[in-house]
Amino acid sequence: MSAVVDALPLLVAAWLILAGLYGIVATRDLQHTVLCTSLVHAGAWLLLVGVGHTEGATAPVIDEDVGAGAALADPLVQALAVTDIVVGVAVTALLLACVVRIKRRYDTLDPADLDVLRG
């Protein structure tokens, strides 16, 4: 049972990444592409959290309540996860802004109809 619980975040992360990649490849809509990109990003974020999880570990802040020999979580993984979340929000906002500009200028969200953007 514990092995299933330990592997569950990694399995969900793999499913999110694969579903997002399938959506990116299969879609014909720019909004859907941005959402699928965000899904892949959420999978990467969950993968970082799953890899960094240590059973019974506490936050890496040492005070009187936490003894010197207590198990601490890896702060590098936590910092990467927070950075990943911030970068993901920024990338999603930028991509959605591009989608809005494309819709206003070319009145379509289908990449196949955007022949004017080809070189």
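The following legends describe close-up views of a predicted model.

**Figure 1. Confidence of the predicted chain.** The chain has a mean pLDDT of 87, and 96% of its residues reach 70 or more. Among the elements of the chain, helix α1 (residues 2-26) has the lowest mean pLDDT, at 90, whereas α3 has the highest, at 92.

**Figure 2. Helix α1 and its kink at Leu8.** Helix α1 comprises 25 residues. From its first C-alpha to its last, α1 reaches 36 Å, close to the 36 Å expected at 1.5 Å a residue. A kink of about 40° is found at Leu8 in this helix, shortly before the proline Pro9. The buried residues of α1 are Ala13, Leu16, Gly20 and Gly23. Their cover includes α2.

Figure 3. Helix α3 runs through residues 75-106 and has 32 residues. The span of α3 from first to last C-alpha is 46 Å, close to the 46 Å expected at 1.5 Å a residue. At the start of the helix, a side-chain oxygen of Asp74 comes to within 3.3 Å of the backbone nitrogen of Leu76. Val77, Ala81, Asp84, Gly88, Val99 and Ile102 are the buried residues of α3. Helix α2 (30-52) is included in what covers them.

**Figure 4. The largest nonpolar core.** Six residues form this core: Leu30, Val34, Val99, Ile102, Leu109 and Leu114. Helices α2 and α3 each supply at least two residues of the core. In soluble globular proteins, nonpolar side chains tend to be buried together. Two of the core members, Val99 and Ile102, are also listed among the buried residues of α3.

**Figure 5. Contacts of Leu114.** Leu114 belongs to the largest nonpolar core. With neighbours within four places in sequence left aside, Leu114 is in contact with Leu30, Ile102, Tyr106 and Thr108. Of these partners, Leu30 and Ile102 are themselves residues of the core.

Figure 6. Asp107 lies in the segment after α3. Although Asp107 is not a glycine, its phi is positive, at about 55°. Is this residue buried or exposed? Asp107 counts as exposed because its relative accessibility is 58%, and the cut-off for exposed is over 50%.

Figure 7. Because its relative accessibility is 11%, Thr108 counts as buried, the cut-off being under 20%. Which side chain makes a polar contact with the side chain of Thr108? The partner is the side chain of Asp113, at 3.3 Å. Residues up to four places away in sequence not being counted, Thr108 touches Ile102, Lys103, Asp113 and Leu114. Ile102 and Leu114 are residues of the largest nonpolar core.

**Figure 8. Asp63 in the loop between helices α2 and α3.** Asp63 is located in the loop that lies between α2 and α3. Asp63 counts as partly exposed because its relative accessibility is 36%. In sequence, Asp63 and Thr37 are 26 residues apart. In space, the distance between Asp63 and Thr37 is 40 Å, C-alpha to C-alpha.

Terms used
Residues numbered from 1 in each chain as written. Predicted model: local features only at pLDDT ≥ 70, side-chain atom pairs only at ≥ 80, totals over all residues. Heavy atoms only, no water. Helix = DSSP H or I, 4+ residues; strand = E, 2+ residues; numbered from the N terminus. Expected span 1.5 Å × (residues − 1). Buried < 20%, exposed > 50% of the residue type's maximum accessible area, 1.4 Å probe, protein only. Contact = heavy atoms within 4.5 Å. Polar contact = N/O pair within 3.5 Å; in protein donor to acceptor, adjacent residues only side chain to side chain. Core = buried A, V, L, I, M, F, W, Y, C linked by side-chain atoms within 4.5 Å. pLDDT = per-residue confidence, 0-100. Bend = angle between axes of the 7 residues up to and from the residue.
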